[in-house]
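Subject: Structure handover

Hi,

Here is the structure we talked about. Please open it alongside the notes below.

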Amino acid sequence: MKKNVKLLDLVRQYGGIRDEIAAAIGEVMDSQYFILGPKVEKFEEAVASYCGTGHGIGTASGTDAILLALMALEIGPGDEVITTPYTFFSTVSSITRLGATPVMVDIDPATFNISPERIEEAVTERTRAILVVHLFGQTAEMDTITKIAESKGIHVVEDACQSIGALYRGRQAGSMGIAGCFSFFPSKNLGGFGDGGMVVTSDAELAARIRMLRVHGGKERYYHDVVGINSRLDALQAAVLLVKLRYLDGWSARRRGNAEYYDGRLSLVGGIEPPAVAEGCVSIYNQYVIRARDRDGLKAFLAGEGIGCEVYYPVPLHLQRCFSFLGGRKGDLPESERAAEETLALPVYPELEREEQDYVIDRITAFMSR
Ligand SMILES: *Cc1c(COP(=O)(O)O)cnc(C)c1O
């Protein structure tokens, strides 16, 4: 029988925490304190303590978290930042927005994360930072990347927007570089009721600089030391996120359970390759991404069967029109390009039921064995 299985169904999650959320939002409304303030500070402290970093600085989005971290490191024209093309747009746009040059290098086909070997080859005397992305909920190979950065005297910034709570050899995503950036976009594992983001860092000086930059570049209102931006987390988001943070690890564990269930069954289906988890990594599965033979055919078929699935990402960023000035050509980064052609994200959210997963598996099997 046909079922409707969404890629993500936030209504189910909300159903379980409705009253707590209403109470938390009620407190903010009663206080009429909306921008930054005590709720935001409490949430910043909670996330910093969750990550084991000394500081958390709430921002208006994950995109701004990345932008502010790079701004605070004074990255600008003439500087190169090494990153991956197989990521969400704003990883790379944050670099170009500052006039710096993104140097995109290829990914490890097993994990979809940036390849440390390719990083090493790309370092020049202009390289200022490596902007690492922990894609789909799994951290990149941080030991090797950190070693390269240390030996060359460059920063590591983590785009951990998809990976809050993911572990790398016991360490939290976002806590391993000079700064870690999170997004609280609703579809992330820790999602607000709108946009939101945060930078975490253990560097007090950097934290102070980001705090200043997010409020137009001044410590004291109307006195501006540098030209900053307006990018603040608001109290309503912080109230919602404080409630949800308590559930985060439980939700991520359920995603892992769902992923394991898929892994076991989909590995038996010809033409399907379940995602790999690298040694030492604990994934939070923001997305469960398979490779499939005839990916586009499978996607269309599943859509027709009522199954939500999505391609992350159809065009690697070195081939985006807006970045054509960087001179990227098809064939430059073959693994990223192949991933863009072969991958498909399946529903994996915590409230997904076994019968729904069975339906997804059954329909994939039916298509692949035609
Ligand atoms: C979601 C995301 C961002 C941007 O976050 P927003 O909050 O939507 O601005 C940046 N990088 C990655 C890898 C993301 O997944």
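Throughout, contact, or touching, means heavy atoms within 4.5 Å. This is a predicted model: local features need pLDDT of at least 70, side-chain atom pairs count only at pLDDT 80 or more, and totals for chains, interfaces and linings use all residues. Residues are numbered from 1 along each chain as its sequence is written, and side-chain values use heavy atoms, with hydrogens and water left out.

Core first. Leu346 touches Leu7, Tyr262, Leu266, Tyr288, Ile290, Leu302, Cys309, Val360 and Ile364, leaving aside residues up to four places away in sequence. Leu346 is also among the residues with the most contacts inside the largest nonpolar core, together with Leu266 and Leu298. That core has 28 residues. (A nonpolar core is a set of buried Ala, Val, Leu, Ile, Met, Phe, Trp, Tyr and Cys residues joined through side-chain atoms within 4.5 Å; buried means under 20% relative accessible area, exposed over 50%, partly exposed in between, with a 1.4 Å probe and protein chains only.) Two or more residues each come from helix H9 (248-266), strand E12 (288-292), helix H10 (295-304), strand E13 (343-346) and helix H12 (354-368). Helices (H or I, at least four residues) and strands (E, at least two) are DSSP runs, numbered from the N terminus. H12 gives the most, six residues. A second, separate core has 26 residues, including Ile57, Ile66, Ala100 and Cys181.

Next, Leu344, in strand E13. Leu344 is buried, at a relative accessible area of 0%. Its contacts beyond four places in sequence include Tyr288, Val289, Ile290, Leu298 and Leu302. Leu344 and Tyr288 are 56 residues apart in sequence, yet 8.2 Å apart in space, C-alpha to C-alpha.

Then H8. 10 of the 11 residues of H8 are buried, so this helix is largely enclosed by the rest of the structure. The cover over those buried residues includes H1, helix H2 (38-51) and H9.

How do H1 and H8 pack? Helix H1 (residues 10-31) and helix H8 (residues 235-245) meet at about 135°, axes 9 Å apart. (Axes are lines fitted to C-alpha atoms, for helices over the stretch in contact; angles run from 0 to 180 degrees between N-to-C directions.) The pair is therefore oblique; angles under 35 degrees count as roughly parallel, over 145 as roughly antiparallel, 65 to 115 as roughly perpendicular and the rest as oblique. The contact involves Gln13, Ile17, Glu20, Ile21, Ala24, Ile25 and Val28 of H1, against Ala235, Leu236, Ala239, Val240, Val243 and Lys244 of H8.

Best wishes
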